[in-house]
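Hi,

Here is the structure I promised to pass on. Have a look at it first, and my notes on what turned up follow below.

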Amino acid sequence: RATSKLNLKAIRNWNYTVEAQSNTQMMNHFNGDNTLKSKFLSPVDASLTVGMDYKKNFKKGGISIFPGPLSYKMTYVAVADLATRYGIEEGKQSRHDIGSKLQVDFNYKITKNISYRTRFYYYTPYDYVQMDWENTFNFQVSKYISTKLFFHTRFDDFAARHDNWGFFQFKQYLMLGLNYAW
């Protein structure tokens, strides 16, 4: 995910904002039967949003609330055979939507060695809804060892409905890291 914001001071903690954001994945993803599901630039989502950004920093963290009432989103799939999987018409490789977006980013240092970061994302072109809620806990176990616990919940009623979970998708990670600074 790459994000770039252009801000112009409005009042107090509010800024007029234009945000450009894009995301894709780096590695190929296959079904259990080795059928390609996605790969780099298949798909890529790119958006341009105009709105206001509220930013507030405090002693142990900060918050950013970005309501964007005007948002353009393009979905592009480089591999034409995968296009229909992402809601793109047969024979085309891109889809364009205009809608609204809300994004909230919050981070907080719980203790000296534990921090929490969350990101809530809501986008709708008024005929479907996409929501993401990412939660990350970082634990600095020692000078050389760190651990990260990541929970991600996604709601997307544009995607195919799952028998057990409906339009919800879940993902979680537990990562162990080695740190070294020179």
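Of the 182 residues in the chain, 29% count as buried (buried is under 20% relative accessible area, exposed is over 50% and partly exposed is in between, with a 1.4 Å probe and protein chains only). Keep in mind that this is a predicted model, where local features need pLDDT of at least 70, side-chain atom pairs count only at pLDDT 80 or more, and totals for chains, interfaces and linings use all residues. Numbering starts from 1 along each chain as its sequence is written, and side-chain values use heavy atoms, with hydrogens and water left out.

On the fold: the chain has zero helices and 11 strands (DSSP runs numbered from the N terminus, with helices being H or I of at least four residues and strands E of at least two). The C-alpha trace spans about 55 × 45 × 35 Å along its principal axes. Among contacts between residues at least 6 apart in sequence, 46% join residues at least 24 apart; contact here means heavy atoms within 4.5 Å.

S47 is found in strand β5, residues 44-58, and is buried at a relative accessible area of 13%. Beyond its neighbours within four places in sequence, S47 is in contact with E19, A20, Q21, S71, Y72, K73 and K101. N113 lies in the loop between β7 (94-109) and β8 (114-124) and is partly exposed, with a relative accessible area of 38%. Leaving out residues up to four places away in sequence, N113 touches N138, F139 and Q140. Its C-alpha atom is separated by 42 Å from that of Y126, 13 residues apart along the chain.

Now the rings. The whole structure gives eight aromatic pairs (rings of Phe, Tyr and Trp, the last by its six-membered ring, with centres within 6.5 Å; planes under 30 degrees apart are stacked, over 60 edge-to-face and the rest tilted). F106 and Y108 count as stacked because their ring centres are 6.4 Å apart and their planes are at 5°. Both are partly exposed, F106 with a relative accessible area of 25% and Y108 with 32%. Elsewhere, F155, F167, F168 and F170 form one aromatic cluster.

There is also a charge over a ring: the charged end of K5 sits over F66, 5.3 Å from the ring centre (the cut-offs are NZ of Lys or CZ of Arg within 6 Å of the ring centre and within 35 degrees of the ring normal).

Cheers
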